[in-house]
Amino acid sequence: MKYAFYPGCVSRGACPELYPASVKVAETLGIEIEEVTDVGCTGAGVLSRDLSDPINARTLAKVEAMGLSSLMTICSTCQGIFTQANHRFKNEPEYRQKINTEYLAEEGLEYKGTVEVKHLLWVLMEDYGVENLKPYIKRKLTGLKVAPFYGCYIRRPTSIIAPKGLSGRKTYLEDLLDVLGAESVDSSGKSKCCGFPILTVNEENSMRMVSDHTGDAKTKGADCMVTPCPLCHLNLDANQPTAEKQAGTQIGMPIIHLPQLLGLAFGFDEKEMELQRHIVSTEAVSRQLEVSIRS
Amino acid sequence: MLKYDVLIVGGGVAGLRAALAAKQAGVQVALLSKTHPLRSHSATSSDGLNAAFGKDDSWQQHAQDTVRAGAGLCDHAAVEEMCRTASDDIIQLDHIGVPFNRNTEGKLDRWALGGHTSPRTAFSADMTGHAVLNTLYEQCIREEIPSHEEWLATSLVVEDGICRGVLALELGTGKLDAFSASAVVLATGGAGRVYTPSTASQSCCGDGMSLAYRAGLGLRDMEMVQYHPLGFCERAAFASEGALGEGAVLCNPDGQPILQADDPPLRDALCRSLASAEDGATLDFRSIGKERIGARFLYLERAANDMAGISLDSAPLPVMPRMHRVLGGIQTDTNGATAVSGLFAAGECASPGVHGANALAGNALTASVVFGRRAGSAAAAHVSSIDPRTIADSALQDTRRTLEVIFSRPTAGDTVVTIQRALANTMAEHVGLVRDEARLQEAARCVADLQTRYTQVGLRHHGKMYNHELLTFYELGALLDVAGAIVTAAQERQESRGVHHRSDFPATNDAEWQHHSLVTCGPDGPSLATSPVVNAGQSA
Amino acid sequence: METTFKVYRFDPENGSKPDFATYQVDLPDSATVMDGLRHIRDEQDPSLAFRASCERGSCGDCALRINKKGRLGCSLKIAKTVKNGVVTVEPIRNIPVLKDLVYDLEDFLWKKIKAVQPWITPREPEPEGEYVVAEEQLAEVRKAMSCVMCGLCDEGCAVIKIDKDFVGPAALTKAYRAVFDPRDGQHDERLTLVSEPGGVWDCTHCFEANGHCPLGLEPTDRLFEVRDEAIRQGIRSGTRNPKVQRHYDSFLNSVKRSGWLDEGRLAIESEGLTNIAGLAKLLPTVIRAIPKGKAPLPYFHHKRPGAEAIRRIIDKAQRSEV
């Protein structure tokens, strides 16, 4: 199955390690992806839906024009915005038609409502099959304690993100960690907001969320947290020193992108997964992996 | 010790409407209520508001329908006042934000309810009471009307025939305080909990009726107890009568429609026929379709799901008649004024005379709005005529002593809960849809017995904060007063009229009984008098 | 059905610490959690305090945490929630408890409802009869207004948990009711009001509220609508929340210019180009990021192919907003 690939802004901006890690994982698994390049930002929940819905309809129309029916994302926020918009496009044909006529027609585009948007995590768990990952695991992550951090947009609104029949999406990270041999650490904030959306508006609240989540993972004994969302990563990793300062505490919780963790299990080394780019040192993860390999 | 020009007791639709009217008249007004206003029983009112709009209907026609339903006991002046002005009230509610359903022209849509000759019930899905309550509450917070919430008025202070305010108990702390006011409006709601099962909220205990009764005022038409035909079988919830107008079908257990005509009968007849059908009935919404159910039965769709486990678009809802409300109450004039100077009443606790022996669907909420407004205005107007007097602190002494006595009683045997349960069961069994002398005598005996037991009951819990047993003690006292009045009036009325149906006197007897019953608190218990129906026999 | 109720107890009058008490209850299968509590109070322990009024999901008085989830006690059957024979009942979270299951909603909810000034002021010209408005315009207002003010969306709110001053989804759902009521004459003023610090822009739109509303009113979506309406009116900032305006404008201009987000530029412009203190605050984060290759150079990122089409879309959408 071939996927159109939407890497999003952050995987090539403030989290430049995410893009190559994702591509390497897809190549390893033989997942065929073709990047859609001439499309726009989803609006990330910042832009009003009046603006972002036509932009996103255009992206989905481009996917249809490529002859594809699936779009893969590597960012929960992109995923969430797409899912919500696509839900409107699919369930309100008049609305979709209005956007087609008013915005897309002049480029000769039309969105017919046929595209499924799927985060890499969902692609692996629903399309690829978790069992089929096993042959590629070169390095079991045995002994590594990982706190999954879903964030908001890959969990909610439940009615459209994890509707009946897909409620398994609530535990995909744990299920995946299990296959990779890692130990899941249950932290209380795993499906809560990371605080990124209010970083500008209310930095204090945003940083409090960061220290709460990372601090809780630490208390529960996690070696690192793993997230499918680069915005969660930005806040939890790049802003962790600021959050530590505000909370008056040392946390030092490494935050790993989902594709990086997969890459490590598939035998790529830390450098290839560009863990050195992270703000919070990932040495503790490396140490634990050394132990795992030796034992 | 707090002091206001006007004190409104009760935060439901009638109370909030009265408060706004008083505020608008420029006096200092405050609310005192047993629950937060938004928790009031008004939130459950589901039928809508009645008024004649358009050229095909007239307020006179609305009045005629009301009088016909009232079976000869409506006071025409009150009916005319309500029917003439209700349209203005509804328009005003629209202007301050009640989201009334619209027709295709964008104007008020209207339900055709039983007993109305025209569709004249404006509604906001099946949550009109909730919408009106919330809208009025919004305006009350805009007007910054002080609100004393979770306070129970324990007695009225009446000196030389003039009401000076109320004594009240703060439920959260057990504190007693006096609220002085030049005028008091009782808007404490109904007394549905005097029966079980009923559609009543926990708070509907006839508090205000009892306060007035003990202050020497008469309770009028108390034997007129209305049942709602569309009650849930195991919950206080009920379906709006609008359901029948929208095409929901009332069926027997075999799925055969019970009602043949397009014109649904009045509630009392329907209730009696449903109550005699042993296997119960169901209300079938399936022909209405999911979308319309969602748009018009916002509440019922959810309630059926949560509380009856029924999805309205796929299965019929089992229903049964439940006691709904006492149509009578504190006797007032069309301004809500009572025989005690400075004391007004409105809403379900009051009887301005619009319902008579049976109320049309939607008229109750309409009366709360219209007479709530009028009582608030009249109370405000009364303020300037009175020399304000502050309630002396000593007034609290009696209440303090009462509390001491209650708390010092032994707690063996009865509890307030067992007495209350026995009372509600007695009323349902003996003073229900169909009455007769033997049952009423038994009821009178039981109520008197329970009254005696009540004077000896002790409380197991002596805490001050949120002492529910103490609250129940007060509520039970009120319920016993109300029950006594209902039984007395029902016994006395040896005929059938409106909702009052006696198997031993099945006919209506205008010659002897076309007058109101009026129960006052005598030295030996309830004492019955009668009062004439104003303009009886004349057409509106 | 035999059930064990574990009920949170706290009585400041006797000075004891909060604890759970256990009661055995045997009620019919149709019984609700509220039936269970009332049974305990009436038959076993008259000192138990809780609020309950309408008993049918109309009034919102009985919001409780039942088996770790915010629910209306009157609308939840024991059979639906019982786990291994146990029902645990606690007050809702993040709120002062007064006694047992009775908590203080004043600061938590009522003050916030008042703060959004949710009353309708008739829009001029006030018609003689009712306002003529389309049913579609009122249907959603009616639905939002069916909110019973139980406070459960606020209870589940991730922001209120850490910042009790955030106005919260319940009050913003109330604001929705006024903002989208076509009869209201204070539309813009209210949008300005809810755009102040602590208002709609402090929401993370994490959609928690949707999952906590027992009526399915989707408070997060309504809050989004309020925010989008504020954007439409161009009063997203109010004058008292300029950071929101700068952040939005910068995000928008970035997407408009290149089709995607210029993160470096967003960070700087959100602080305000002349806001030296604000910019200085960014420095440590930037200094940490540069050696890791994580600080994208502001103003230098390239236009995406398709950027022109996206700019056209935005221009057009903005024109239709006005």
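Author: Leaving out residues up to four places away in sequence, B:Val6 touches B:Ala22, B:Val27, B:Val29, B:Ala181, B:Ser182, B:Ala183, B:Val185, B:Ala379, B:Ala380 and B:Val383; two residues are in contact here if their C-beta atoms, placed from the backbone, lie within 7 Å. The model is a predicted one, in which local features need pLDDT of at least 70 and side-chain atom pairs count only at pLDDT 80 or more, whereas totals for chains, interfaces and linings use all residues. Residues are numbered from 1 along each chain as its sequence is written, while chains are lettered from A and ligands numbered from 1 in the order in which they are written.

B:Val6 also has a place in the largest nonpolar core, which holds 374 residues: together with B:Val184 and B:Val185, B:Val6 touches the most other members. Helix H14 of chain B gives the most to this core, with 14 residues. Such a core is a set of buried Ala, Val, Leu, Ile, Met, Phe, Trp, Tyr and Cys residues joined through C-beta atoms within 7 Å. A residue is buried if 20 or more other C-beta atoms lie within 10 Å of its own, exposed if 12 or fewer, and partly exposed in between. The helices (H or I, at least four residues) and strands (E, at least two) named here are DSSP runs, numbered from the N terminus.

Chain B also meets chain C, with 51 residues of chain B in contact with 45 residues of chain C. On the side of chain B, two or more residues come from each of helix H3 (76-95), helix H4 (128-142), helix H9 (298-308) and helix H14 (468-492). H4(B) contributes the most, with seven residues. This side consists of 20 nonpolar, 18 polar and 13 charged residues; Ala, Val, Leu, Ile, Met, Phe, Trp, Tyr, Cys and Pro count as nonpolar, Asp, Glu, Lys and Arg as charged, and the others, Gly among them, as polar.

Chain C itself contains 14 helices and seven strands. Its radius of gyration, taken over C-alpha atoms, is 25 Å, well over the 20 Å that the globule rule gives for 322 residues, so chain C is more spread out than a compact globule; the rule is 2.2 Å times the number of residues to the power 0.38. Along the principal axes, the C-alpha trace of chain C spans about 75 × 65 × 35 Å. Of the 322 residues of chain C, 55% count as buried.

Within chain C, H12(C) and H13(C) pack at an angle of about 145°, and their axes are 8 Å apart. Axes are lines fitted to C-alpha atoms, for helices over the stretch in contact, and angles run from 0 to 180 degrees between N-to-C directions. C:Ala267, C:Ile268 and C:Glu271 of H12(C) meet C:Gly278, C:Leu279 and C:Leu282 of H13(C). That contact comprises four nonpolar residues, one polar and one charged.

In chain A, helix H4 (residues 93-104) has A:Arg96, A:Ile99, A:Asn100, A:Tyr103 and A:Leu104 as buried residues. They lie on the same side of H4(A), because they cover an arc of only 110° around the axis, the arc being that of the directions from the helix axis to the C-beta atoms. The face turned away from this buried side carries the exposed residues A:Glu94 and A:Thr101.

Elsewhere in chain A, A:Ile255 belongs to strand S8 (residues 255-257) and counts as buried, with 28 C-beta neighbours inside 10 Å. Its C-alpha atom is separated by 5.8 Å from that of A:Val226, 29 residues apart along the chain.

Some backbone details remain. Most residues other than glycine have a negative phi, and most peptide bonds are trans. The bond from A:Arg156 to A:Pro157, however, is cis, with omega near -5°, and A:Pro157 stands in the loop between strand S5 (145-148) and helix H6 (158-161) of chain A. A:Ala44 has a positive phi of about 55° although it is not a glycine, and this residue counts as buried, with 22 C-beta neighbours inside 10 Å. C:Lys68 likewise has a positive phi, near 70°, but counts as exposed, with 10 C-beta neighbours inside 10 Å.
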